[in-house]
Amino acid sequence: SAPLRAHAAAIDRYIGTSIDPDPLADEPIYGTIVAREFNSITTGNTLKWDWTQPSPGQWNFGAADTFVDFAEQHDQLVRGHTLVWHNQTPGWVQDLPSAQLRAAMESHIDAVVGRYEGRIGHWDVVNEPFEEDGSLRDSFWREGLGDGYIAEAFQLARQADPNAELYLNDYNVEGINAKSDAMYELVADLLAQGVPIDGVGLQGHLILGQVPSTLQQNIARFAALGVDVAITELDIRMQLPVTPGQLEQQARDYAEVVDACLAVERCVGLTVWSFTDRHSWIPEFFPGEGAALPWDEEYEPKPAYHAIHDAL
Ligand code: XIL
């Protein structure tokens with residue numbers, strides 16, 4: 001039957017995956033599946049600050065250039081990830097005094113967004129700025145630049161590529177809770193101040209059987225503010241070893257997420273955080289858990305794949 005991307009395109013949405021350079025280079029089936037099934041890719045780790053500029057003035061764009069070329073060959077949207085984040089940012093940035101930190105943010109956004117102007121369609125401009133209780137995270141960004149660092153980052157990104165869609169991205173904001181309430185208030189504030197924000201990314205690192213019941217309602221309230229919404233890093237992890245019953249539950253969970261997105265017109269797309277259990281961050285970051293993606297470690301589609309297919 002038709003690949004996921006055909007079904008998504010037919011309803012004017014995208015289905016995406018994050019990708020990694022090593023499997024793209026080393027395992028032919030990896031690129032084959034990415035090209036066939038997805039009409040969007042996210043740049044994985046390759047545009048994070050520690051990758052692009054590990055020391056001052058030392059730029060590494062090779063991997064991201066390869067991804068953007070790949071996406072153009074296969075008619076895919078590129079989601080750039082991410083510009084301003086407290087993780088995977090080098091120590092030399094974190095240690096800068098305020099004035100230099102601001103200058104580093106300016107030159108970084110200018111260089112990275114500017115390099116791909118017109119070629120990277122969506123940017124996760126600020127990633128994970130909230131604590132679970134809804135307060136702003138006390139990151140070195142906020143310590144150095146004050147709460148206004150978020151608005152500044154969006155303004156800089158807009159200057160660097162006026163046509164890119166600019167997103168605020170976070171996790172544990174899929175359902176209605178203190179953290180997503182804070183995100184909602186911030187987006188409303190930014191819009192009221194004329195800050196150029198176009199979208200909200202709900203990462204979607206979910207646990208088996210725990211798709212928030214308020215997911216659709218939450219997507220709808222952000223859309224009602226006048227921004228797009230995307231599920232940007234979907235995976236649904238389970239305790240290992242895998243059982244057939246867990247795979248069936250996972251299929252239902254994936255379908256529930258797709259259905260919630262499709263129910264809201266401004267939910268423009270869904271991205272899985274890698275597509276195969278062979279290359280997933282989950283086993284390393286959540287010991288004992290895994291099998292979070294729609295393809296297994298042998299690149300065989302799982303029940304979750306068929307559920308996404310049928311839901312699109
Ligand atoms: C993860 C990557 O998948 C890992 O390879 C890396 O070691 C750590 O980061 N939220 C995000 C992503 O926004 O950038 C993270 O990606 C997963 C959580």
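Visitor: Hi! How many disulfides does this structure have?
Guide: The count comes to one disulfide, taking a disulfide as a pair of cysteine sulfur atoms within 2.5 Å. Please keep in mind that this is a predicted model, where local features need pLDDT of at least 70, side-chain atom pairs count only at pLDDT 80 or more, and totals for chains, interfaces and linings use all residues. Residues are numbered from 1 along each chain as its sequence is written, and side-chain values use heavy atoms, with hydrogens and water left out.

Visitor: Which cysteines form the disulfide?
Guide: Cys261 and Cys267, with their sulfur atoms 2.1 Å apart. The torsion about their S-S bond is about -105 degrees, so the disulfide is left-handed.

Visitor: And are those two buried or exposed?
Guide: Both Cys261 and Cys267 are buried. Buried means under 20% relative accessible area, exposed means over 50%, and partly exposed is in between, using a 1.4 Å probe and protein chains only.

Visitor: New topic: how many aromatic pairs are there?
Guide: The structure holds 14 aromatic pairs. Rings of Phe, Tyr and Trp (its six-membered ring) pair if their centres lie within 6.5 Å; planes under 30 degrees apart count as stacked, over 60 as edge-to-face and the rest as tilted. Among them are Trp49 and Trp141, whose ring centres lie 5.9 Å apart with planes at 40 degrees, so this pair is tilted.

Visitor: Where do Trp49 and Trp141 lie?
Guide: Trp49 lies in helix H4 (residues 49-52) and Trp141 in helix H8 (residues 140-145), so the pair ties together parts that are 92 residues apart in sequence. Helices (H or I, at least four residues) and strands (E, at least two) are DSSP runs, numbered from the N terminus. Trp49 is buried at 2% relative accessibility, and Trp141 is buried at 1%.

Visitor: What about Trp59 and Phe61?
Guide: Their ring centres are 5.4 Å apart and their planes are at 10 degrees, so that pair is stacked. Trp59 is partly exposed, with a relative accessible area of 31%, whereas Phe61 is buried at 10%.

Visitor: Which rings are linked into a cluster?
Guide: Ring pairs link Tyr30, Phe38, Phe275, Trp295, Tyr299 and Tyr305 into one.

Visitor: OK, the ligand. Which residues come nearest?
Guide: Of the 13 residues around the ligand, the nearest are Asn45, Lys48, His81, Glu233 and Trp273. A residue counts as near if one of its heavy atoms lies within 4 Å of the molecule or strand.

Visitor: What does Asn45 do there, in terms of distance?
Guide: A polar side-chain atom of Asn45 lies 2.9 Å from an oxygen atom of the ligand. An N or O atom in the side chain of Asn127 is also 2.9 Å from a ligand oxygen atom, and for Gln88 that distance is 3.2 Å.

Visitor: How much of the ligand does the protein bury?
Guide: Taken alone, the ligand exposes 410 Å², and the protein buries 82% of that. Accessible areas come from the Shrake-Rupley method with a 1.4 Å probe; for residues, only the protein chains shown count as cover.

Visitor: Back to His81. What kind of peptide bond joins His81 and Thr82?
Guide: A cis one, with omega about -5 degrees. Thr82 sits in strand E3 (residues 77-84). The bond from Leu240 to Pro241 is cis too, with omega near 0 degrees. Most peptide bonds are trans.

Definitions and conventions:
A polar contact is a pair of N or O atoms within 3.5 Å; within protein, one must be able to donate a hydrogen and the other to accept it, and residues adjacent in sequence count only if both atoms are side-chain atoms.
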